[in-house]
Amino acid sequence: AFLCVSAQPGRPRTSIMAARASPIGYKEIIKLPSMAISAGSISFKNVTVQSEKYVVVKEDDKKKIAIVTCGAQRVKRLNNTGNPPFDHAIMNPTAEVVALRNGDGEGGTVLNIFSLQIKTNIKSSKVNEPVVFWKWITEKSIAVVTPKRVYHWSLEGQAEPKVMFERSQEKPESHWSGPVQVINYHESKDKQWLILGGLAKGKAGGIVGVLQVHSVKMNASQPTMPSHAACFARLTLEGRTQPSNLICFTTNGPTLQILELDPPSKDQAFKRKVQLQFKQAGDFPVSIHCDDAMGTLFILTQKGLLIAVEITTAKVFFANQTSKMIGSCLNNTDGGIVTVDGTGRVGHFFVEKKNVVKFICDTLGDLSSGLKIATRYNLPGADGYIEKQFNVLMNSQRYQEAMRMTADSPQGVLRTVNTLMQFRSLPKINGQPALLFYFNLLLNTPGATLNAIESIELAKPILQSGK
């Protein structure tokens, strides 16, 4: 079971979230209409959001490109009166640089990079095909998608768009028919994997996902999959010392699948399969974003459902009907995701750190997942449960497990004077005093340091000897 409540169209139920100590928080950032942007301009076709800093709107009624700076709540407008006018604009995720595109009248596309600071075009290029989708994949690189190919275009130097791979085309055995509307593109953080996702008519009816996964190292794509949405995640998994690349994608069911790319061995490969639940018939995911710091996937559906899943436990801990979103992206500053709904409300959804563990343990009744999440992300909310488990281990004379639990306890909840006194009274472990065994274990824990109480306790023998 997981939380699933209704919301009025166009408005997340923040009051219900607060009343139930929701594991997901929401903050409104800005309303586009407050920037004198008309309702007619607020659409999937005209609005782009590529970072938490900016939202871009193509204002057909004003013949302008509006660039909204979210934090400062101000807007700059560029004239869009050329012949032909720009048909799309995307803002650099970090700099005051906007990418603009328009057709060349001959079936190709002209690409421009414009600096808002110096008010001049700093780079241009041309692709001899129509561009159906583009996106900043880093602050220095843009992915450009045409009906046949995917390019990467670097801002540096005189580089022209470089072909990364050929797009999969419809075949007799394909599960879709007709053109694919591209809605997502992602590059793994190590730049070795690329995914292109879109929607098309299914040969058996309905709207189906079309996902192409490409390996840069092998310069080859896997056969297309019927997946509506996908993203990459990069986490250091339990028992590993280096972060792993994971691909997260949805399939019919609806099911979320999480697979490790390039695992150490086939037997060690991390994989999870999670059954999802949608409230409305015919709903399907349109985007997935991973907040790597919290190991959490944010899944948005076409009809406005937001689902949150913690990757390592495969725990669905939130599902709330919000608004139908016309744009979304990761918030790389504060975690979570930034969304734009059909009314022009720009908002921030994020893991509510003070609530998530307690919600999973108490409301969902999943103590195991709650404790694992608390330990992994150093979160509050499970103190009472952790202390009970610690006492069980001590009473069962499983002292080394109790010490490991103490060293790993979230926010150091077990690392107290009382715990050290209990360890001091234990028999020797592997020939050394139990308390010293604990200190050695703690100091060999990656990232761990002694707290003030432990530092004093460790120093006592030296101080007492007068050395």
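Which residues form a nonpolar patch on the surface? I found Val-417, Met-421 and Ile-453, with about 270 Å² of accessible area together.

Before going on, I noted that this is a predicted model, where local features need pLDDT of at least 70, side-chain atom pairs count only at pLDDT 80 or more, and totals for chains, interfaces and linings use all residues. Residues are numbered from 1 along each chain as its sequence is written, and side-chain values use heavy atoms, with hydrogens and water left out.

**Entry: the patch**

A patch takes residues with over 30% relative accessible area and no salt bridge, joining nonpolar side chains (Val, Leu, Ile, Met, Phe, Trp, Tyr) within 5 Å and like charges within 9 Å. A salt bridge here is a side-chain nitrogen of Lys or Arg within 4 Å of a carboxyl oxygen of Asp or Glu. Areas are Shrake-Rupley with a 1.4 Å probe, and for residues only the protein chains shown count as cover.

I looked up Val-417 and found it in helix α6 (residues 417-424). Val-417 counts as partly exposed because its relative accessibility is 44%; buried is under 20%, exposed over 50%, and partly exposed in between. Helices (H or I, at least four residues) and strands (E, at least two) are DSSP runs, numbered from the N terminus.

**Entry: the second largest pocket**

I read off a volume of about 1300 Å³. Of its 33 lining residues, Glu-238, Lys-372, Thr-375, Arg-376 and Asp-408 are the closest to the centre. Helices α3 (367-377), α4 (383-395) and α5 (399-408) each give at least two residues to this lining. By class, the lining of this pocket is 12 nonpolar, 11 polar and 10 charged.

My note on terms: on a 1 Å grid over the protein atoms alone, a pocket is an open set of points with protein on both sides within 12 Å along at least five of seven lines, a cavity is a set where a 1.4 Å probe fits but cannot get out, and lining residues have an atom within 4 Å of a point. Points are joined across faces, edges and corners, and volume is the space filled by probe spheres set on them.

**Entry: the cavities**

I got 3 cavities of 30 Å³ or more. The largest holds about 80 Å³, and its lining includes Arg-167, Trp-176, Leu-196 and Gln-212. Strands β14 (176-187), β15 (193-202) and β16 (207-215) give two or more residues each to that lining.

The second largest cavity holds about 50 Å³. Tyr-54, Arg-74, Lys-76 and Glu-96 are among its lining residues, and β4 (64-69) and β5 (74-79) each supply at least two.

Conventions. Buried < 20%, exposed > 50% of the residue type's maximum accessible area, 1.4 Å probe, protein only. Nonpolar A, V, L, I, M, F, W, Y, C, P; charged D, E, K, R; others polar.
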